[in-house]
Amino acid sequence: MIAGAITLGAALPSMAADGPLGSVAALGGSVTAGVFDTPEGVLWNSLWNCPYKTQRYLAEKFGDEHGLGQNLAAFVIGVPTGFLWGIPYGAITGAHHGFVTGWEKPFSTESYLVTEEK
């Protein structure tokens with residue numbers, strides 16, 4: 001039974017598109033990508049993407065996006081706010097990306113990478 005499961009697991013990516021187990025492979029690809037992409041989305045959005053974008057947005061709204069005072073104030077406010085906002089935002093976008101891309105392109109590299117922008 002274990003050998004059969006290993007063999008089927010190794011063959012699932014090749015049958016994902018139009019093989020006899022297409023919907024099963026798509027479901028498997030969707031679930032595994034969702035499991036991997038949810039924490040990846042949280043890390044990406046809470047540690048980099050949301051804090052950076054929030055800080056840049058606030059510095060621009062404070063008047064001069066290249067000014068030292070504006071960037072310092074934007075950093076103090078924007079980075080913690082972006083971090084806190086990035087946790088739920090990253091969980092939602094990561095899970096959505098994993099399930100949708102994992103279903104459309106099961107077991108592909110694209111389904112396991114959340115960092116691309118749309």
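Predicted model: local features only at pLDDT ≥ 70, side-chain atom pairs only at ≥ 80, totals over all residues.
Residues are numbered from 1 along each chain as its sequence is written, and side-chain values use heavy atoms, with hydrogens and water left out. Local features need pLDDT of at least 70 and side-chain atom pairs count only at pLDDT 80 or more, while totals for chains, interfaces and linings use all residues.

Leu-43, Leu-47, Trp-48, Tyr-52, Phe-83, Leu-84 and Ile-87 make a nonpolar surface patch of about 720 Å² (residues with over 30% relative accessible area and no salt bridge, nonpolar side chains being joined within 5 Å; a salt bridge is a side-chain nitrogen of Lys or Arg within 4 Å of a carboxyl oxygen of Asp or Glu). At least two residues of the patch come from each of helix 2 (22-61) and helix 3 (68-104) (helices are DSSP runs of H or I, at least four residues, numbered from the N terminus). Helix 2 gives the most, with four residues. Leu-43 lies in helix 2 and counts as exposed at 52% relative accessibility (exposed is over 50%, buried under 20%, partly exposed in between, with a 1.4 Å probe and protein chains only).

Three aromatic pairs are counted (ring centres of Phe, Tyr and Trp, the last by its six-membered ring, within 6.5 Å; planes under 30 degrees apart are stacked, over 60 edge-to-face, the rest tilted). The rings of Trp-48 and Tyr-52 are stacked, because their centres lie 5.0 Å apart and their planes at 15°. Both residues lie in helix 2, four residues apart, about one turn of the helix. Trp-48 is partly exposed at 45%, as is Tyr-52 at 42%. Trp-85 and Tyr-89 also form a stacked pair, 6.2 Å centre to centre with 20° between the planes. Both lie in helix 3, four residues apart. Trp-85 is exposed at 53%, whereas Tyr-89 is partly exposed at 36%.

Definitions and conventions: Patch = residues over 30% accessible without salt bridge, like charges linked within 9 Å, V, L, I, M, F, W, Y side chains within 5 Å. Areas by Shrake-Rupley, 256 points an atom, 1.4 Å probe, with all protein chains shown as cover.
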